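Here are a few notes to read beside the model. Please keep the sequence open while you go through them.

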Amino acid sequence: MDKPGKSLVLFRAMADTDKIPDFFVYGEPSRSLEIDFMHVETVMERKSVHFGEVAPHKHMHMAQITFWYRGGGTYRYEDRSFEFSAPAISFMPSGVVHGFSVGANTDAIVISLADEGLETIHERLGAAIERPLFIASREDDAQWRHLDQLAHMTLAEYRMRDGESRHVLAGLVQTILALTRRMGRADAQQPSPSHALGVALRRMIDRHYREDWPVARYAEELATTRHLLDKAAREAFGKSVKAMILERRLIEAKRLLMFTIRSVEDIGRESGFDDPAYFSRFFRRHAGDSPSEWRARKLAQ
């Protein structure tokens, strides 16, 4: 149940935007992630770090799905607080402040995946989960049993990891997200107008990032100002409008390098870069390798 209280007041007090830690996984400094990054572990595998009290934090480059299969406690995100008993599931997009307090007998499976990989899964689903969700069981039903099986299969596949695991894991996570989206339709909180504008911007960038639109064109198309649009982008995704456009181009370039045999020059043009030399410099600056080096490294993994 969603309820306020002293714990929520404490969470709000701790959630100062200048002090909220930005983690890779809990307790580890944030770092850049590859497009296909995924990490799966249980909450209690990190109990020596948090002892069941996970302070407010965020992940700026990845989303997390957490399936609580045992025990209960208090889960918090932004200004909401939930007392829960398993089963329960949460979906936290990147940049959302969250934390929890749970007992020693509580455990969950946490699936962390890079924003770029999440975008790919959302495209396959034909829709995205664009807001944070926390859903607790109302009654025993088949959907919760399916989620339990899928989450444990995901953990087992991640631990086994062979040549096919990347594809198997993507399929499992896609199914978990589809079930979570269906279960969360009635529970989803309506976004603020600014957050909704940020989401609309991301959808428009997905359609037009190849066309080299200036920020002013996006503002015009969305009937707003550059200032308000940039504010919405930072509220929803923690990035400027320009950074979102460039990031979307980089995501597309990485996808094409990974999953096609097209030339680097062709991929640059397809991603919105008419100048091959500029594309190579841009890619190296943001990915650490030239497009050819990055492709060779990924194929060798």
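1. Buried means under 20% relative accessible area, exposed over 50%, and partly exposed in between, with a 1.4 Å probe and protein chains only. By that rule Arg248 and Glu252 are both buried.

2. The model is predicted, so local features need pLDDT of at least 70 and side-chain atom pairs count only at pLDDT 80 or more, while totals for chains, interfaces and linings use all residues. Residues are numbered from 1 along each chain as its sequence is written, and side-chain values use heavy atoms, leaving out hydrogens and water.

3. A salt bridge is a side-chain nitrogen of Lys or Arg within 4 Å of a carboxyl oxygen of Asp or Glu. The whole structure has 17 of them.

4. Arg248 forms a salt bridge with Glu252, with the closest N and O atoms 3.3 Å apart. Both residues lie in helix H9, four residues apart, about one turn of the helix. Helices here are DSSP runs of H or I with at least four residues, and strands are runs of E with at least two, numbered from the N terminus.

5. Which residue forms a salt bridge with Asp206? The partner is Arg248, and the closest N and O atoms are 2.7 Å apart. This pair links distant parts of the chain, 42 residues apart: Asp206 is in helix H6 (residues 193-208) and Arg248 in helix H9 (residues 241-259). Asp206 counts as partly exposed because its relative accessibility is 28%, whereas Arg248 counts as buried because its value is 10%.
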